[in-house]
Amino acid sequence: MSETTRATAPSVGDAWIRRYHPRPDAQVRLVCFPHAGSSAPFYFSLSAQAGPGIDVLSVQYPGRQDRRLEPLIDDVGTLAEQVVTALRPWLDRPVALFGHSLGATVAFEAARRLEAAGQHPLRLFASGRRAPSRRRDEHVHQRDDAGLMAEMRRLSGTDQRIFGEEELMRMILPVIRNDYRAAETYVYRDATPLHCPVDVLTGDSDPKVTPAEAEAWRVHTTGPASTHVYTGGHFFLADHQGEVLDLVRRTLAVAPDRA
C-alpha cells in the first residue's frame, strides 16, 4: 500500500505522525502504533473508516519509507519517549492509544510516560501482544535471514509474493530484525500501573499470545480491563477490522474526560 500525501501537521511531530484523514472537529484522537517491520500506512484503512468522531494519528517509526535514511531504533523505551515528544502538539484534546504486537508494547510505554506527565490517555487498546510483565525467552532477531523469513511466514502477516523479491527483502529484513530485537529485548520495569482502561484484543490461535498472557494485562492498570477474542492468528486484525472499529467507536464514545 503506497503512502498517501499527509495533511499539514505540527512541525515538531511531522516526521513521526501521519494524519491521513483529518477530522478537526473530532472529540478524541486515536494514536496508532504499527507492529514489527510495519509502518504508518498499516492503519490507513482504519483511519478512513473511523468516522467523524475520531481523529486518527498513525505513528511512523524511523528507518522506513520516507524515513528510511534515519537510524533504526531497537529500544522500546526510546521509541516511546520520542513518540510522546512528537505527540505534544496533538494533546489539545483527549487521546487514546492503539498498538498491535510490538506496537502494543510501545503504546503501553507511551501511555506510562503520558500519565507521568499528567496527560492521561482515555484508553489503551493492546492488540496481538502478551502483557508486558509476561516475558518469553525469544531470539528470532538472532536468526539468519532464512530463519527470520521463516518466522514471517509462520505468522502469515506478509504477502507471500514479497519473499520472491530479493531486492525488496534486502531492504526490509534489517527493519524487521531491528524491530524483533526491540520486542525481544524489552524488559518490563515494575512501576505504578496505568489508570486508564485497557482493552486487550487477541486471536484465538495466535502463537505469540496465550489466553493467560492476554489476561495478564489486567495487572497493568487500576482501571477496568477487558479481553476481546477474535478468530484467527497473529494478524486477526485483517479479518476483523469492522468488529475492531466497532469496539473502538463504542468505547471511546462513552469514555470519560481526562483526569
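Ser58 lies in strand E3 (residues 54-59), where strands (E, at least two residues) and helices (H or I, at least four) are DSSP runs numbered from the N terminus. The model is predicted: local features need pLDDT of at least 70 and side-chain atom pairs count only at pLDDT 80 or more, while totals for chains, interfaces and linings use all residues. Residues are numbered from 1 along each chain as its sequence is written, and side-chain values use heavy atoms, with hydrogens and water left out.

**Confidence**

- The protein averages a pLDDT of 89, and 88% of the residues score at least 70; pLDDT is the predictor's confidence in each residue, from 0 to 100.
- Over residues 1-12 the pLDDT is below 50, and this stretch has 25 contacts in the model beyond near neighbours in sequence; contact means heavy atoms within 4.5 Å.

**Ser58 and its surroundings**

- Ser58 counts as buried at 1% relative accessibility (buried is under 20% relative accessible area, exposed over 50%, partly exposed in between, with a 1.4 Å probe and protein chains only).
- Its side chain reaches the backbone oxygen of Ala40 at 2.7 Å.
- Apart from neighbours within four places in sequence, Ser58 is in contact with Trp16, Ile17, Arg18, Tyr20, Cys32, Ala40 and Tyr43.

**Aromatic pairs and a charge over a ring**

- A search of the whole structure finds 7 aromatic pairs; rings of Phe, Tyr and Trp (its six-membered ring) pair if their centres lie within 6.5 Å, and planes under 30 degrees apart count as stacked, over 60 as edge-to-face and the rest as tilted.
- The rings of Tyr20 and Phe44 are edge-to-face, because their centres are 5.1 Å apart and their planes stand at 65 degrees.
- This pair links distant parts of the chain, 24 residues apart: Tyr20 is in the loop between strand E1 (17-18) and strand E2 (28-33), and Phe44 is in helix H1 (residues 44-49).
- Tyr20 is buried, with a relative accessible area of 7%, whereas Phe44 is partly exposed at 23% relative accessibility.
- The rings of Phe108 and Tyr188, with centres 6.2 Å apart and planes at 45 degrees, form a tilted pair.
- Here too distant parts of the chain are linked, 80 residues apart: Phe108 belongs to helix H3 (residues 102-116), and Tyr188 to the loop between helix H5 (166-185) and strand E6 (198-203).
- Phe108 is buried, at a relative accessible area of 1%.
- Phe42, Tyr43, Phe98 and Phe125 are linked into a cluster by ring pairs.
- The charged end of Arg67 sits over the ring of Trp16, 4.4 Å from its centre (NZ of Lys or CZ of Arg must be within 6 Å of the ring centre and within 35 degrees of the ring normal).

**Nonpolar cores**

- The largest nonpolar core has 53 residues, and those with the most contacts inside it are Trp16, Phe33, Leu97 and Leu124; such a core is a set of buried Ala, Val, Leu, Ile, Met, Phe, Trp, Tyr and Cys residues joined through side-chain atoms within 4.5 Å.
- Helix H3 gives the most to this core, with 8 residues.
- Beyond residues up to four places away in sequence, Leu124 touches residues including Leu97, Ala107, Phe108, Leu194 and Trp217.
- A second, separate core of 21 residues includes Cys32, Leu46, Leu201 and Phe236.

**Arg130**

- Arg130 is in the loop between strand E5 (124-127) and helix H4 (145-155) and is buried, with a relative accessible area of 6%.
- A polar atom of its side chain lies 2.8 Å from the backbone oxygen of Arg134.
- The side chains of Arg130 and Glu138 are joined by a polar contact of 3.3 Å (a pair of N or O atoms within 3.5 Å; within protein, one must be able to donate a hydrogen and the other to accept it, and residues adjacent in sequence count only if both atoms are side-chain atoms).
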